[in-house]
Amino acid sequence: MATLPQRYATQPQFKPLRQLGPYQLDAVLGIGATAAVYRTRRSNGQVLALKVLHQEAMNDAPVRSAFQREARLLLKLRHPGIITALESGQFDGRFYLALALVDGPTLDEFLGQTKKVGEQVTIDVGVQVAAALHYLHEQNVVHRDIKPANILLQNQRRAILFDFGAALDRNTEQAIPGEVFGTPAFLAPEQARGDAQIDGRADIYALGITLYRMVTGRKPFYGSRLEVLEAQILTPPPRPSSFCYVSPELEAAILRALAKDPAQRFQSGAEMAAALEVARRAEPPPELPRRLLGWLRGG
C-alpha cells in the first residue's frame, strides 16, 4: 500500500516516530524537508497515512502556517478525485494531517516505466482529473501544481489529485504578484509571469501538458528553468502529432488547453471533460489497437 510517493531526499538526522497520540506508526512512506508521511493505524484498526511536521519545522512560523493552511483546505474538500483528509491536529507538540491511504503509484512513476500510454488511457485520466478540477474550481480553489507526480492512480483505475501545498484558496487569499508557484514544465503562462490574477484555467493548462506527456512520451518544452518559463509564455507548443500518431480530436483538445490566452482555453473542467469524451468516441485507424482499453475504468 502507498500514498504520497517517496520522492523526498532522505534526511540523515531523521528519527522515525513509533507513536503519535492514538496513531501507531508502522512505516515511513516519504520524508521531506519539513514533514514525513507514515503508514499508520488508528486504535480501531483503520489503516491510513499520517503526515507529521518535523520537530525542527515546528519552530518555523511560516512552515507551521503553510502546513495548517493545507490541512484546513483539504478538510473541506470532498470529491472522489481528490485525496481525502480525515482530520488534523497536534499531539505531543507535533502537527499532523491524517489522509486516506491510496493503493497505487503516481502517474509520474507509472510513466517512468511505460514512457507513454495509449489515447484511451490518456483520455480516461484526463476526464477524471478534469472532473476533479471542475469541483475544485467551483470551490474557488486553484491547485497550481497539476502534474503527473501529483496524480495518484488508485488500483490503476482512479486518478486522484494530492499535494495541495501550492493551492490557492481564492475565497480567502490572492496570488502574490511576482511569485512563481508550481513546476516550470507544467506552468500556465500567467503563472510563469507571476501574475496577480490566477484562476482555474491555469490548472486546465497544466492538465493539457500532462495529457501531452502521456500521449507523446515527452513534454512540450525543455531547457533551463528560465528557458522553460519563457517558452511557456511565448512559444507555441509543437503539435503532439509531430511526435507520434494522435487523433485530431485529442490533439485539438490538448492544444486548446494549452492556449496562451486563458480566454481561449476550456473555461471549466466540465468543458474539457466533454471535449475529451468526444475524442474518446473517435475511431482510431485500423492498424492502431485500442491499447489498454478499459484501464482506469472502475465501472
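Lysine 147 forms a salt bridge with aspartate 145, and the closest N and O atoms of the pair are 3.7 Å apart. A salt bridge here is a side-chain nitrogen of Lys or Arg within 4 Å of a carboxyl oxygen of Asp or Glu. Side chains of opposite charge can pair when their charged atoms come close. Lysine 147 counts as buried, because its relative accessibility is 16%; buried means under 20% relative accessible area, exposed means over 50%, and partly exposed lies in between (1.4 Å probe, protein chains only). Aspartate 145 is buried as well, with a relative accessible area of 13%. Elsewhere, salt bridges that share partners join Asp26, Arg39 and Arg41 into one network.

The model is predicted: local features need pLDDT of at least 70, side-chain atom pairs count only at pLDDT 80 or more, and totals for chains, interfaces and linings use all residues. Residues are numbered from 1 along each chain as its sequence is written, and side-chain values use heavy atoms, with hydrogens and water left out.

By the rule given above, the count comes to 14 salt bridges. One of them joins glutamate 87 and arginine 42, with the closest N and O atoms 3.4 Å apart. Glutamate 87 lies in strand 5 (residues 85–91) and arginine 42 in the loop between strand 3 (35–41) and strand 4 (47–53), so this pair ties together parts that are 45 residues apart in sequence. Helices (H or I, at least four residues) and strands (E, at least two) are DSSP runs, numbered from the N terminus. Glutamate 87 is partly exposed, at 28% relative accessibility.

Another salt bridge links glutamate 70 to lysine 51, where the closest N and O atoms are 3.2 Å apart. Because glutamate 70 lies in helix 1 (residues 61–75) and lysine 51 in strand 4, the pair ties together parts that are 19 residues apart in sequence. Both glutamate 70 and lysine 51 are buried.

Next come two helices. Helix 3 (residues 119–138) and helix 8 (residues 269–280) pack at an angle of about 160°, with their axes 8 Å apart. That makes helix 3 roughly antiparallel to helix 8, a term used for angles over 145 degrees, whereas those under 35 count as roughly parallel, 65 to 115 as roughly perpendicular and the rest as oblique. Axes are lines fitted to C-alpha atoms, for helices over the stretch in contact, and angles run from 0 to 180 degrees between N-to-C directions. Residues of helix 3 that make the contact include Ile123, Val127 and Ala130, and those of helix 8 include Met272, Ala273 and Leu276. Contact means heavy atoms within 4.5 Å.

Two loop residues have backbone angles to look at. Asparagine 140, in the loop between helix 3 and strand 7 (141–142), has a phi near 65°, a positive value in a residue other than glycine. Asparagine 140 is partly exposed, with a relative accessible area of 25%. Aspartate 163 also has a positive phi, of about 60°, although it is not a glycine. Aspartate 163 sits in the loop between strand 9 (158–161) and strand 10 (168–169).

As for the whole protein chain, it has 8 helices and 10 strands. Buried residues make up 51% of its 299 residues. Among contacts between residues at least 6 apart in sequence, 63% join residues at least 24 apart.
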